[in-house]
Amino acid sequence: MYEVWGKIIMTKILIILFPFIFSACLWQTTSVEEFEYIMLKEFVGVYEIHLPGIKNKNGNGEIAGAPMSWVTILKASKMNSSVSAAEYICIGYRVPYVNEQNNQLGILKIHKTSKNKCPEYYSDELSLTGITYLSIKQTPKVLNLKLMLASKNLSKNIEVPLYNLPDHQEKVLTYVTLDSEDNLLSLEKRTKRQGPKSKEKCFDINAKCEVIKPNICDECEFGSLEVAGSSCPEGGIRFCHPVSCGGKNMPACVRFKKINQEDLCYQNSPAGFCQEGLYAYCGNDGYLICL
Amino acid sequence: MQKYRIFLIVIVLLSVIIFPITFYLIKNQNYSEQISQGKDEIEVLIKASIDLKRIWQSGDLDSLWKNHDLGCVDLLGDPFQTKDSYLRCNPDFIQCYFEHLDKIYQPHLTVSHKNIKQKVYLNRFKNKKYYQLLTKSTYLGKSIPYYGIMVELALQNNLKNRLRFILEDACSEVLLPQRIYAFGPMPKDHRKDWKWDNFNRSIFIDKHLVSNRDIREWIDQDPNIHLAYWGADSMQLSDPATTLKISEMRKYCHFRGKELLAAHVFDAATFLPMDMSNPRPNVIIRSPWSYSKVSKEGFLYRAQTDENYEVTKTDCTYAFTADCLKYFKYQNYNDWALSFVGISGSLGGYMEVFENISHPDQNLKASSFYFPASSSVHRLANRSYWDGVGFDQNNFKFSEGVDINNLRGLKLKVAFRCMRYGAK
């Protein structure tokens, strides 16, 4: 008697739960359209792209790799909404493994991070599943993802305009981000602790044109000054402003600049000029000093 | 009863199957519509950003300011005293323009997309302004320009999406062509000429003199700046800033990521090259006039050699001398005395101070409306001296033979502009 009642109750519960379970099954994956929309949004502010997954740049851009392994197919840089730091977008692809016994289809996942490194393994929620084939190509203006979905057996194209890349960037206009208002950060003013300090060397290079300190002069508060005496293609040593040139014990002002690696740092070098009565000498740091 | 029960079970089973499918289809359709709407929104916002860029760069295309439709005298000053190029890449114009549209209940930008007109609005930031001023000295970040504004666009009835972008100042500078230049007046022996070049580096020079508006914006963003002679009352905002000490001028230029214009760069930007097609001339022949390659030609030559020469209104557009004051007042942001690279006021107008490293006692372009066209100050590279501290006559030293009697008791005005070195 109790067993019969139990079965009836169970059946009723299942009938009640069925629509929800069924709906959940229908809703578990991201559609191509949604994935494309998210990419369109995220890539508005992208200013740099690397496609590490493509081995042969002149080929069809097909992504290959060990079956079931994660391959980072794209790494893009953009500014965060407060423009204070870079943000990175990594797209990972789990290479499908399809044979008679197995049917593990490919997965695309988007990972956003503030670290300049993409993960080895993508555990992010945002994914596009059921992929049997993927290729990626980039022109100066457009990023193109071509994929084949197992469910529809159709190829899909995702085209993402790259508005912010140097080749395509509207002169004057730099896109930062496109996001929901709740996610936008307010701008924070620079504090004295941030960035290189005034009069600090923001780029250092020796006479052999070996970079000793990478160029961070873009972060100087008041711009920077290049000193005279270098002929490296990368430019000469730079200091953050305010720095004067041409006075006694100061760097000489630049009169001309060559980029043929000719040594221009020597006594009375014409590459620099000083105040009347002072002469340019090659200092220990490899640039002209007025004495 | 049994039939009724079977019928009921069938109904329940059908509804159990139909309900989720209908739910899925409706939700899916709504979702697809939402996604499609989202994609359209992105395109509309991008189109609107290009429209806004046009307004930022072009300024008052509809002559709203000139026709006194904008109001905003406190922000923009009197339109009759300023050329409208003052409004190009001017954040105050952006503020004023969109406040005006608010007042007359007009959408900020209207974008046509798929044959439907979409209304796009500029959001206000916390300071109630439609923009956030960006300079490298106030914000840190890769995309921060030397000078620009950040703006935020949103659509009416939107998915809360906001497009943030930066509009950079692309209006105020000219690029000095890469070539060999000479510094100072032409010597008799060309082998003694002091030459330099800017190959492999870019030099950007302010097209116009730094204005009162520029200085007001600078001091507004930093309460620690105290200028010795700055008085904000009754000033025309577009007029050149002429009451700063040279140390304050240098600080202002640094705020904009630049430095005070160097005398040799000013010479390079104003001496008219004899042959533009040859960037490496062996001998640099130059005339003392920015508008002519011939020394014995033009109105200044005639005025300086013929005491009966009468300066005309047209002459004033080549060099605004004291004689021109009887015709009209000097206007900043004009294209008068434009040099071959496009900097204004190469002769006449306001006195202008430079950084002169090699000859610090020759740091002033005295050619200005203080002197008549017949004065020898109106020659390129004929420089005087300003001590950079005060504005009385004894703070200046003009060349011998320059008549300075009419300057007695006057507070002399000294203007300036900035320059910057860019990557090659």
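P279(B) lies in the loop between α6 (263-270) and α7 (299-305) of chain B. Helices (H or I, at least four residues) and strands (E, at least two) are DSSP runs, numbered from the N terminus. P279(B) is partly exposed, because 15 other C-beta atoms lie within 10 Å. On this scale a residue with 20 or more other C-beta atoms within 10 Å of its own is buried, one with 12 or fewer is exposed, and one in between is partly exposed; C-beta atoms are placed from the backbone. Leaving aside neighbours within four places in sequence, P279(B) is in contact with Q178(B), R179(B) and I180(B). Contact requires C-beta atoms, placed from the backbone, to lie within 7 Å. Q331(B) is 52 residues from P279(B) in sequence, and the two C-alpha atoms are 34 Å apart.

The model is predicted: local features need pLDDT of at least 70, side-chain atom pairs count only at pLDDT 80 or more, and totals for chains, interfaces and linings use all residues. Residues are numbered from 1 along each chain as its sequence is written, while chains are lettered from A and ligands numbered from 1 in the order in which they are written.

Chain B contains eight helices and 16 strands. Its C-alpha atoms fill a box of roughly 125 × 50 × 40 Å along the principal axes. The radius of gyration of chain B is 30 Å, whereas a compact globule of 424 residues would have one near 22 Å. This radius is taken over C-alpha atoms, and the globule rule is 2.2 Å times the number of residues to the power 0.38. Of the 424 residues of chain B, 44% are buried. Among contacts in chain B with a separation of 6 or more, 62% join residues 24 or more positions apart.

An open sheet of four strands occurs in chain B, in the order β6-β9-β16-β10, with antiparallel pairing. Pairing requires at least two DSSP bridges between two strands. The edge strands, β6 (173-175) and β10 (259-260) of chain B, each pair on one side only. Three bridges link β6(B) to β9(B). Here L175(B) has F204(B) as its bridge partner. Strand β9 (residues 202-206) is joined to β16 (residues 418-422) of chain B by four bridges.

At the interface, 55 residues of chain A are in contact with 55 residues of chain B. On the chain A side, α1 (2-27), α2 (32-42) and β10 (173-180) each supply at least two residues. The largest share, eight residues, comes from β10(A). By class, this side has 26 nonpolar, 13 polar and 16 charged residues. Ala, Val, Leu, Ile, Met, Phe, Trp, Tyr, Cys and Pro count as nonpolar, Asp, Glu, Lys and Arg as charged, and the others, Gly among them, as polar. Pairing also crosses between the chains. β10(A) runs antiparallel to β5 (residues 161-168) of chain B over seven bridges. In this pair, Y175(A) has F165(B) as its bridge partner.

Chain A is divided into domain 1 (32-170) and domain 2 (195-291), with bounds from an automatic or database domain assignment. Their centres, taken over C-alpha atoms, are 43 Å apart. The mean pLDDT (the predictor's confidence in each residue, from 0 to 100) of chain A is 84, and 86% of its residues reach 70 or more. Over residues 23-28 of chain A the pLDDT is below 50, and this stretch has four contacts beyond near neighbours in sequence. Where pLDDT is low, the predicted coordinates should not be read in detail.

How values were computed: Contact = placed C-beta atoms within 7 Å.
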